[in-house]
Amino acid sequence: RQALKARAAELLRQHNAVLVAHYYVDGDLQDLALETGGIVSDSLEMARFGRDHAAQTLVVAGVRFMGESAKILSPEKRVLMPDLDATCSLDLGCPADEFAAFCNAHPDRQVVVYANTSAAVKARADWMVTSSCALEIVADLHAKGQKILWAPDRHLGRYIQEQTGADMLMWNGACIVHDEFKGLELDLLLEQHPGAMVLVHPESPKSVVDKADVVGSTSALIKAVVEGTAQEYIVATDNGILHRMRQLAPGKTLIEAPTAGNSATCKSCAHCPWMAMNGLQNLVDCLEQGLGEIHIEEAIRVEALGCIDRMLDFTA
Ligand code: 13P
Ligand code: SF4
């Protein structure tokens, strides 16, 4: 493992490459990113960091839409991914042609899509948002009297709708990881840990979000653990995030929120199978052999760029 990590660090240096990792990927990759001048972050900051970094090659350890966003923003850079098949159930559940038909049927609405979509879906959108800025952007559109067409995550959409009161027509998508968190089981866990703070990613069902002390993006949940005064934290998001939480808040007790499976025996219930496709070995392979390069048709890239730029300008 240490040898592979050292080899990956050497290859990153040789190729003038920087590693851009998400909080859900393997802990070794997160550490390597930080040790070699890269970043581990949420999807908004991954996009911004990749765009602003001087490296010629970006290696994105995450899922496909994250690599695509990097390429859309930096067409002159080579964007590699350890495994190009690392997708996302939200992306899979929102095919571009069906989505375009949905948009065409509602031309009076601003089209707001979650980052977890393909480049072709983004090409049809007015706005891209991530979980860290979705609420503010929709609130702003609502304040300006705009009606919204939202896709694809129904839980995040419902949460934003409840918070902002915006008129939102929704696509019916879900994240297979967050959709598994269960409100009733969370109640039982809270009885055993009455002082625990509950941290929830808004891709989770309403029954879980309603019990949260903090609802937010992966970065917001990490901040909540670091700054929180409680000793115990129940975390309802992919358990890959615990690696960084433990590093940044070593004295705190972190408890995984219960999923449909028995979380005592089903340790990987709350871990994204696509995020798990990223490892040290395929990182080394992609750099050594130039595998896993992201290519996007230029016409789609240019169309998709507008909605990402709009979000980055809004959040600058
Ligand atoms: P964040 O933008 O909060 O990092 O979320 C990305 C994601 O895929 C969550 O499942
Ligand atoms: Fe997609 Fe869910 Fe995996 Fe995030 S955790 S990449 S939303 S399937």
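Mentor: Two strands pair if DSSP finds at least two bridges between them. With that in hand we can read this structure, which is a predicted model, beginning with S5 and S7, whose pairing is parallel and runs over 4 bridges.

Trainee: Which residue is the bridge partner of Val-112 in S7?

Mentor: Strands of a sheet pair through backbone hydrogen bonds, either parallel or antiparallel. Here Val-112 has Trp-150 of S7 as its bridge partner.

Trainee: Where is Pro-152 found, and does it count as buried or exposed?

Mentor: Pro-152 is found in the loop between S7 and H9, and because it has 26 C-beta neighbours inside 10 Å, it counts as buried. Its contacts beyond four places in sequence include Leu-90, Tyr-114 and Trp-171. The C-alpha atoms of Pro-152 and Val-113 are separated by 6.7 Å, although the two residues are 39 residues apart along the chain.

Trainee: Which residues of helix H9 are buried, and what do they pack against?

Mentor: An α-helix has 3.6 residues a turn, so residues three or four places apart point the same way. In H9, residues 154-164, the buried ones are Arg-154, His-155, Leu-156, Gly-157, Tyr-159, Ile-160 and Thr-164. They pack against several elements, among them strands S5, S7 and S8 and helices H8 and H11. Just after H9, Gly-165 takes a positive phi of about 75 degrees.

Trainee: Turning to the open sheet of 4 strands, what is its order, and which strands stand at the edges?

Mentor: The order is S2-S1-S3-S4, with parallel pairing. S2 (39-41) and S4 (78-80) stand at the edges, and each has a single partner strand, so one side of each is left without a neighbour in the sheet. On average, neighbouring strands of this sheet are turned by 20 degrees against each other, direction ignored. Between S1 and S3, which run parallel, there are 5 bridges, and Ala-17 stands opposite Thr-57 in S3.

Trainee: Which strands does helix H2 touch, and which does H3 lie across?

Mentor: H2 packs on the sheet and touches S1, S2 and S3, its direction making about 135 degrees with that of S1. H3, residues 43-52, lies across S1, S2 and S3 and runs at about 150 degrees to S2.

Trainee: How does the chain divide into domains, and what are their bounds?

Mentor: The domain assignment gives domain 1 (2-87 + 275-295), domain 2 (90-174) and domain 3 (178-256). Between domains 2 and 3 the C-alpha centres lie 26 Å apart, and 9 residues of domain 2 are in contact with 13 residues of domain 3. The side of domain 2 that touches domain 3 divides into 3 nonpolar, 4 polar and 2 charged residues.

Trainee: Which residues surround ligand 1, and which are the closest around ligand 2?

Mentor: The residues around ligand 1 include Asp-42, Asn-116, Cys-175 and Glu-203, and its shell divides into 2 nonpolar, 7 polar and 2 charged residues. Ligand 2 is surrounded by 14 residues, the closest being Cys-88, Ser-89, Cys-175, Val-177 and Cys-272, and that shell divides into 9 nonpolar, 3 polar and 2 charged.

Note on methods. Residues numbered from 1 in each chain as written. Chains lettered and ligands numbered in written order. Predicted model: local features only at pLDDT ≥ 70, side-chain atom pairs only at ≥ 80, totals over all residues. Near = placed C-beta within 6 Å. Nonpolar A, V, L, I, M, F, W, Y, C, P; charged D, E, K, R; others polar. Domains from an automatic or database assignment. Contact = placed C-beta atoms within 7 Å. Buried ≥ 20, exposed ≤ 12 C-beta atoms within 10 Å, placed from the backbone. Helix = DSSP H or I, 4+ residues; strand = E, 2+ residues; numbered from the N terminus. Axes fitted to C-alpha atoms, helices over the stretch in contact; angles between N-to-C directions.
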